[in-house]
Amino acid sequence: MSLRIGVLGAGYFGRFHALKLARAPGATLVGLHDADPARAAQVAGEAGCATLGAEELIAACDAVVIATPTRFHAPLATSALESGRHVFVEKPIAATTEEADALVSLAAARGRVLMVGHIERHSAAIRTLRTSLSGRRLQAIEAVRVAPFRPRSLDVSVVLDLMIHDLDLILSLVPAPLAEVRAVGGRVASDHPDWAVAQLRFADGTQAQVTASRVAVGLERRLRAMGPEGELRVDFLARSLEALAPGGASPVEHMPGWGLDRHSWTDHDSLEAQHAAFIAAIQGGGAYEADGAAGRAALDAALRIEASLAG
């Protein structure tokens, strides 16, 4: 049976959700809603679906995708969950941790899927990284995600726009609670911080440094993980991963018994993979990536960073 899905929001992300869901296996795109009727009509025309009011759309669907500005995430998700609908909400899950807690509790009470749009969890790059990190003890992580300025997602800071992707990844890799946050950053081209560098310390002693900017000279996406088993380095743009480890395939000079293992990957459509995971979670009822609790944890870390920036 095809799952009936609606999209709330026809902005940058909402448009891509609608276009992908229009041809997603196992799903029927019922309709789309946006506060701007002209924008809604344009995107609905591209996706081949109807335009409906928000409540009308929720009533007509089994599940909804929420891709609106962040301040509307909690009200719309609450309405959908209370109506018995499954919910996919773009990151961040909500504007506050209190809103996130309420959504997590409501989804559990209604027995509905609440998935958050941490799309990196569904990328080929992160799957390759996780496989390579298996068995390694992490003590330090460095992540860099910077890009030139584009006038979108400016209703939130770079922390909630870009950095939250790496925060979610790091939180999924480190089993200990986040203990301390320190950060610096500033505004350049918007009303919110456009660059930030955060230092994270976890309860088990693991530390991380995360850099994000949406006003950079060029694109850069890197991650480095270090521990007693050696170093692992990823260049996401070059699709390359190098892991220094005992017994690695390519011997390293002056380090007897150590070598480099090199890996690459073929990119796939992460949004399609994310939609497939959402549909599978609804139909299969099992565990799934980026649930409400994970979205809440990433939001909490991001808000603690923003508080440090403000302080």
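In the predicted model, Asp161 and Arg214 form a salt bridge in which the closest N and O atoms are 3.3 Å apart. This pair links distant parts of the chain, since Asp161 belongs to helix α7 (residues 158–173) while Arg214 sits in the loop between β10 (207–213) and β11 (220–227), 53 residues apart. Asp161 is buried, with a relative accessible area of 6%, and Arg214, at 4% relative accessibility, likewise counts as buried, because the threshold for burial is a relative accessible area under 20%.

Arg214 also meets the side chain of Asp194 in a salt bridge, with an N to O distance of 2.8 Å. Here too distant parts of the chain are linked, Asp194 being placed in the loop between β8 (178–186) and β9 (195–202) and Arg214 in the loop between β10 and β11, 20 residues apart. Both Asp194 and Arg214 are buried. Through salt bridges that share partners, Lys91, Asp161, Asp194 and Arg214 are joined into one network.

A further salt bridge is formed between the side chains of Asp101 and Arg296, at 2.8 Å from N to O. Asp101 lies in helix α5 (residues 97–110) and Arg296 in helix α9 (residues 292–310), so that the pair, 195 residues apart, links distant parts of the chain. Asp101 has a relative accessible area of 33% and is therefore partly exposed, and Arg296, with a relative accessible area of 24%, is also partly exposed, because both values fall between the limits of 20% and 50%. The count of salt bridges comes to 23.

Conventions
Residues numbered from 1 in each chain as written. Predicted model: local features only at pLDDT ≥ 70, side-chain atom pairs only at ≥ 80, totals over all residues. Heavy atoms only, no water. Salt bridge = Lys/Arg side-chain N within 4 Å of Asp/Glu carboxyl O. Helix = DSSP H or I, 4+ residues; strand = E, 2+ residues; numbered from the N terminus. Buried < 20%, exposed > 50% of the residue type's maximum accessible area, 1.4 Å probe, protein only.
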